[in-house]
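Please look over the sequence and the structure below. The paragraphs after them go through a few places one at a time.

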Amino acid sequence: MTAPERPDMVGWYDPAQLLRTGLQTVLTEVFATRADYRLLLALGEPQEPRSFADREVFWMDYVSDTGDGWRPTTAVLHALARTSIAVDGEALPRGDLLLMGGDQVYPAGSIAEYEARLLAPMRAVSPPEPPSPRPLLLAIPGNHDWYDGLVGFVSTFAQKGSLGMWSTFQTRSYHCLRLPHRHWLVAVDVQLQCDLDVPQRRWFESALKELREGDHVIVALAEPTWVFRQQYAKDHGPQMRSLLRYITEERRARVVLWLAGDLHHYRRMERTDEGATPGAQYVTSGGGGAFLHPTHTPSLQRLQRGRRGETRRFRVSAEYPTRPVSLALARRNLAFPLLNLRFGFATAALYTLLSWLLPQPDLGAIDQGVGPAIQRGLVQVAEQPSAISLVVLLLVAVVYFTDSNRTAYRVGAGLVHGASHLAAALAATAAGLWCARALGVQHDVVARRGVMIAASGLLGYWLGGAIMGVYLFVSVRVFHRHGNEAFSSLREEGWKNFLRLRVDASGISLWAFGLDRMPERWTVGAWPLPQQPAASAEPRVIDAVKIAAPAAE
Ligand SMILES: [Fe+2]
C-alpha cells in the first residue's frame, strides 16, 4: 500500500499562513453571515432525526479538532478505530457512532485539506475489510470548517458515503439522534455567531417533538460557550437560546451533558448551582489532532454572571494536561524565533520598511550611543505626519491583535507590545547607521542603504521574533491571555484526547482518554489496522464520570 502524504502541523506564524488566516477570517465573517450555507441546506434533501431508542446499549465516540498534523490526527483516529480499549479489565467497544465535534480540518476547510489532513488518516487506520455494520459518523462544523463557507464540509460529510471504515448519513450540518432509555443527542451548527439559523431551530423543534418531561439531552456544539461567556462575554444567540428554552421549559427535559471542542485540551466542569440541572456536565474535548491549548488559562472563576443577571456556579472537575505541564510548555515561547523560523521574515520586512520610511536617527547622535539615537529618532518621527501615520497604523494593528475584551487591557498591552517593536526597529536602524559609519560608507547613499537594510533585516528577523515570544509568554503566564496564540506557536503534537460514551439503562457513562506522546514511527501493512504505531501509544483514561439515567416513569 502507498503511504499517504503526511502533512506537518500547520505553521500558524508562517507569514503566508498569517495572511491567509487573516483574509479567510474577514471573508468568512462577511460572507457566512450574508450568504449562510445552512439556509441552502435547509432547502435541499430533507433530513429525518435518527432513532436508536430500540437498542439496549448505545456506544458513542467523540472527537473534535482533528486534521492538523498527520501524526497526532492518525494516532487519535487509530485509537478510535480499534475494536475496543481495555479499561480496568473491561473492553470498551468502538462507538456505534463517531461524533466529530467541529474543526475537522486545519488551517481551513477545503476539499483538498479535508483529503490530506483528515480523510487520508481515516483511511490509513481503517481495516481493508470494513466491519459490518460500519460505524456511523456524524460531524458538526467549527469555525475552521466554515472558512470555505462550508463547501468542503458538505462535500465531505453530507453525501451519505463512507470515510474509511465509517459511513455518513447526514444531509445537513446538524442532526438529532434519539438514544436508548430516554436520552437524546442534539448536535447543532452554531456557525461563527454562536447561533442557529431559523430553519435549523425549527427543524430541531420538530425533531424533538417526542421529547418528554425528564428526558436527558446531550448538546454538542462547536464552542464551549460556558468558557467563552466568562472569557469573552460571548453567549448563545437568540435562536440557540430559543431552542434551549424549548427543550428545558416547554418540553421540560434536562440538558445533562454539554460537549464541545474548539479548545484543544480536555476540561470537565460541573454546574453546581441550584437553578440549573444539578450536576450537569460541561466537557471540552478538542484533542483530536490540532495543536494543544493551555489548561492554566483562561482563569475560570467559579461564578459566572449570565446575560440577564442570572448566576452560574461551576466547579472544574478534571483537566488534561495538568496545569504544571501547561505552564512548562508555555515557557517554550521564549524560544519563539527558533520554533517559528519563518515568522522572522515578516518582522525583518517590517523593520526594514520602518527603517526606510521613518526618519533616520541623526548620525551625530550615534556617537552618544544607541539611547540618544533612539531619542532623536522619536523626535524626528513626531515632526513628520506621514511617519506618525505609519506608527499609528502599526500600533492599531498590534492593539487589534491583543487578546482581551477589556478595552483598557487591549490598548495598554497593545501599546507596550507595539512600542517594543518600534523601539527595536529604531535600534536596528541606529545599528545599521553605526555599521555604515564603521565601514566608512556613511556618505555613500547606496552602500549606506545596503548596510542598513542588512542590519534591519537581520535584527528584525531575530529581535521581532524574540519580542513576540516574550510578549506571548508574559501574556499567557501572567495575564492569562493569548492562550491560542501562545500555544499555536508551539505546534505541540502531544496531549491529545477523545471520549467514549455508553448510554444504557443506568444512564450515561463517559470515559475521557489521553494520548501523552505521539508515536515516532509507524509500521505500514500490519493487521488488523493498516497503520500501526511502532512505539507504544496506548490511550489512557484521564477522566471518567457517570450521569444517572432519568427516573423511571
Ligand atoms: Fe480548533
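With 25 C-beta neighbours inside 10 Å, Gln191 counts as buried. A residue is called buried if 20 or more other C-beta atoms lie within 10 Å of its own, exposed if 12 or fewer, and partly exposed in between, with C-beta atoms placed from the backbone. Gln191 sits in the loop between β10 (183-187) and α7 (198-207). Its phi is near 50 degrees, which is positive in a residue other than glycine. Helices (H or I, at least four residues) and strands (E, at least two) are DSSP runs, numbered from the N terminus.

This is a predicted model, in which local features need pLDDT of at least 70 and side-chain atom pairs count only at pLDDT 80 or more, while totals for chains, interfaces and linings use all residues. Residues are numbered from 1 along each chain as its sequence is written.

Arg252 also has a positive phi, about 55 degrees, although it is not a glycine. The loop that holds Arg252 lies between α9 (238-250) and β12 (254-260). Is Arg252 buried or exposed? Arg252 counts as exposed because it has 12 C-beta neighbours inside 10 Å.

Helix α4 covers residues 111-124, 14 residues in all, and reaches 18 Å from its first C-alpha to its last. That is close to the 20 Å expected at 1.5 Å a residue, where the expected span is 1.5 Å times one less than the number of residues. At Leu118, α4 bends by about 35 degrees, and a proline, Pro121, follows within four residues. The bend at a residue is the angle between axes fitted to the seven residues ending there and the seven starting there. Among the buried residues of α4 are Tyr114, Arg117, Leu118 and Pro121.

In the loop between β5 (97-100) and α4 lies Pro107, and the peptide bond from Tyr106 to Pro107 is cis, with omega near -5 degrees. Pro133 is found in the loop between α4 and β6 (136-139). A cis peptide bond joins Ser132 to Pro133, with omega about -5 degrees.

Now turn to the strands. Five of the six residues of strand β13 (residues 266-271) are buried, so β13 is largely enclosed by the rest of the structure. Two strands pair if DSSP finds at least two bridges between them. β13 pairs with strand β14 (residues 281-285) in the antiparallel sense over five bridges, and Arg268 has Val283 of β14 as its bridge partner. β13 is also joined to strand β16 (residues 311-320), again antiparallel, by six bridges. There, Arg271 stands opposite Phe314 in β16.

Another helix is α16 (residues 407-438). Its 32 residues should span 46 Å at 1.5 Å a residue, and its end C-alpha atoms are 46 Å apart, which agrees. After α16 comes Gly440, with a positive phi near 75 degrees.

Last comes the overall division. The protein is divided into domain 1 (15-331 + 493-548) and domain 2 (341-486), with bounds from an automatic or database domain assignment. The centres of the two domains, taken over C-alpha atoms, are 42 Å apart. The contact takes 11 residues from domain 1 and 11 residues from domain 2, two residues being in contact if their C-beta atoms, placed from the backbone, lie within 7 Å.
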